[in-house]
Amino acid sequence: MVGRLSIADALGADAFDTDSIAHLALSDPQLCVTCARRPCIQVCPAEVYHWEEGRLRISYENCLETGACRIACHVLGNRALVWNYPATGHGVQYRYG
Ligand code: SF4
């Protein structure tokens, strides 16, 4: 029997075909400044979101396309996040489901 991979190892095996155009955006960055909890930072398993120098940074290249950030932002945040799938042929390629 083959042993189970850890989540980190399984995610580490994934490949990304990164588009030069970001598929994650903000409708208004000022909404993030006043966002009380910034739940996007907490829920993203790929750590796509970081608060740096007074603004939200989005490392869309690492996106796993779960959509958790969109739900968190629109339910608990200030609804700034504009979430789309990457363009056809781009994005994450899962190796272990
Ligand atoms: S949850 Fe939405 S509004 Fe709040 S910091 Fe994240 S993207 Fe901005």
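Ile71 is exposed in this predicted model. Its relative accessible area is 55%, which is over the 50% cut-off for exposed residues. Ile71 sits in helix H4, residues 68-76.

- Ile71 and Val75 are exposed residues on the face of H4 turned away from its buried side.
- Residues three or four places apart in an α-helix point the same way, because there are 3.6 residues a turn.

**Buried side of H4**

- Cys69, Ala72 and Cys73 are the buried residues of H4.
- These three lie on the same side of H4, because they cover an arc of only 95° around the axis.
- The cover over the buried residues of H4 includes helix H3 (39-43), strand S3 (49-52) and strand S5.

**Nonpolar core**

- The largest nonpolar core has 17 residues.
- Leu24, Val48, Tyr49, Cys69 and Leu81 touch the most other members of this core.
- H4 and strand S5 (81-83) each supply at least two residues of the core.
- Leu24 is in contact with Val48, Tyr49, Ile58, Tyr60, Cys63, Val82, Trp83 and Asn84, leaving aside neighbours within four places in sequence.

- Gly67 lies in the loop between strand S4 (55-58) and H4.
- Gly67 is buried, because its relative accessible area of 13% is under the 20% cut-off.
- Gly67 and Asn84 are 17 residues apart along the chain, and their C-alpha atoms are separated by 8.9 Å.
- Asn84 is also among the contacts of Leu24.

**Salt bridges**

- The model has two salt bridges.
- Glu52, Glu53 and Arg57 are linked in a network of salt bridges.
- Arg57 pairs with Glu53, with the closest N and O atoms 3.5 Å apart.
- Arg57 also pairs with Glu52, where the closest N and O atoms are 3.7 Å apart.
- Arg57 is partly exposed, at 27% relative accessible area.
- Glu52 is partly exposed at 39% relative accessibility, whereas Glu53 is exposed at 74%.

Key: Residues numbered from 1 in each chain as written. Predicted model: local features only at pLDDT ≥ 70, side-chain atom pairs only at ≥ 80, totals over all residues. Heavy atoms only, no water. Helix = DSSP H or I, 4+ residues; strand = E, 2+ residues; numbered from the N terminus. Buried < 20%, exposed > 50% of the residue type's maximum accessible area, 1.4 Å probe, protein only. Core = buried A, V, L, I, M, F, W, Y, C linked by side-chain atoms within 4.5 Å. Contact = heavy atoms within 4.5 Å. Arc of directions from axis to C-beta. Salt bridge = Lys/Arg side-chain N within 4 Å of Asp/Glu carboxyl O.
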